[in-house]
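Dear colleague,

I am passing a structure on to you, together with some notes on the side-chain contacts found in it. Please look through the sequence and the model first, and then read on below.

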Amino acid sequence: MKKFIIKGLIFLGIAFVVQLPFIYKYHQVTTTNGPHVIISNYEQQPNLFMGSSHGRDAVNDSLIDASYNMSSTAQSLEENYIILSNILETTKLKKVFISFSPTSLHQTNIKPNLTEQYYLFPHNSKNIFLTYFKDTSRKAKSLIKIKLSSKITTPEEFKDYAEHKIYHVIGNDVNHFGVEFFDKIIALKNQYDFELSFFTTPYTPEYSEVMRTYDYWENDKQLIKEMAIERGFNYYDYEFHFNNEPDYYKYYIDADHLNALGQNSFSSFLNKTLFSN
């Protein structure tokens, strides 16, 4: 028994040592890519776009007057608040646009699941070793999602992808983890006097159909419309922007993200609609 335990400990030790380069690389990638790179390229444009991959893929800032798109994968209202707070200390902003999606009010970078943003902000960069191992299951699920998205060619596959994604990100237990940071962002608007807008990017009809089976998304949109009136910000709902076009699939890379064609078309529309004055 003693020899068995010793061999077991040796095996675990070797396994841990083998993992060290991967842990180092994991930490290096998550702390040097994403928002840090995007922020470092910011040149104090007065109009700022922020948000998750929906905003990242929907907005081509080169087509929009004096703007910069700081959106990145899984960026929640928590990161929006942190980044915005830092920028406002040195930069006078005119307009801020934040993408509003089915996860916005229900997700931070650690709740209900760890996101790609977890290590990018100091207040959450804790226990790199433990979290690396905890995070592997989520990464595996993400690979499944990527595999699914790469095979989308029919309306049925768009719908299957949408169902998988919503369950993966939120699941069946809907909580309002993001509301705290929603309120903090509005407080920044009042403090620094910039025009604040939330906007929902275009989704395929299949994605919207799946979301209609979740009452909370319609409730979220109704809530933000009411809050916009009460608290003095704008909300633009472009969920169905491309739906009237017979070949709308050509604008999407998957059920809820625009491709380059969709991004350029939508960005030109935004520039004409929201920046014409």
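**Salt bridges**

There are six salt bridges in the structure, a salt bridge being a side-chain nitrogen of Lys or Arg within 4 Å of a carboxyl oxygen of Asp or Glu. Please bear in mind that this is a predicted model, in which local features need pLDDT of at least 70 and side-chain atom pairs count only at pLDDT 80 or more, while totals for chains, interfaces and linings use all residues. Residues are numbered from 1 along each chain as its sequence is written, and side-chain values use heavy atoms, with hydrogens and water left out.

One of the salt bridges joins the side chains of Glu180 and Lys184, at 3.2 Å from N to O. Both residues belong to helix H7 (residues 179-192), where they are four residues apart, or about one turn of the helix; helices (H or I, at least four residues) and strands (E, at least two) are DSSP runs, numbered from the N terminus. Glu180 is partly exposed, with a relative accessible area of 44%, and Lys184 is also partly exposed, at 30%. Here buried means under 20% relative accessible area, exposed means over 50%, and partly exposed lies in between (1.4 Å probe, protein chains only).

Another salt bridge is formed by Asp183 and Arg231, whose closest N and O atoms are 2.9 Å apart. This pair links distant parts of the chain, since Asp183 is in helix H7 and Arg231 is in helix H9 (residues 215-231), 48 residues apart. Asp183 is partly exposed, with a relative accessible area of 30%, and Arg231 counts as partly exposed at 30% relative accessibility.

A further salt bridge is that of Asp237 with Lys221, in which the closest N and O atoms are 3.0 Å apart. It links distant parts of the chain, with Asp237 in strand S5 (residues 234-237) and Lys221 in helix H9, 16 residues apart. Asp237 counts as partly exposed at 29% relative accessibility, whereas Lys221 counts as buried at 3%. Lys221 and Asp237 are also linked with Glu239 in a network of salt bridges.

**Aromatic rings**

The structure holds 20 aromatic pairs, where rings of Phe, Tyr and Trp (its six-membered ring) pair if their centres lie within 6.5 Å, and where planes under 30 degrees apart count as stacked, over 60 as edge-to-face and the rest as tilted. Among them is the tilted pair of Tyr81 and Phe181, with 6.4 Å from centre to centre and 45 degrees between the planes. Tyr81 lies in helix H4 (residues 77-88) and Phe181 in helix H7, so this pair ties together parts that are 100 residues apart in sequence. Tyr81 counts as partly exposed at 23% relative accessibility, while Phe181 is buried, with a relative accessible area of 11%.

Phe266 and Phe269, by contrast, form a stacked pair, with 6.2 Å from centre to centre and 25 degrees between the planes. Both lie in helix H10 (residues 260-274), three residues apart, which is about one turn of the helix. Phe266 is buried, with a relative accessible area of 0%, and Phe269 counts as partly exposed at 27% relative accessibility. Elsewhere, ring pairs link Phe100, Phe182, Phe198, Trp217, Phe233 and Tyr235 into a cluster.

A charge is also found over a ring, as the charged end of Lys95 sits over the ring of Phe275, 4.8 Å from its centre; the rule asks that NZ of Lys or CZ of Arg be within 6 Å of the ring centre and within 35 degrees of the ring normal.

**Buried polar residues**

Two polar residues remain to be described. Asn80 is placed in helix H4 and counts as buried at 1% relative accessibility. Its side chain makes a polar contact with the side chain of Gln75 at 2.6 Å, a polar contact being a pair of N or O atoms within 3.5 Å, of which, within protein, one must be able to donate a hydrogen and the other to accept it, and residues adjacent in sequence count only if both atoms are side-chain atoms. Ser267 is found in helix H10 and counts as buried at 0% relative accessibility; the side chain of Ser267 reaches the backbone oxygen of Ala58 at 3.3 Å.
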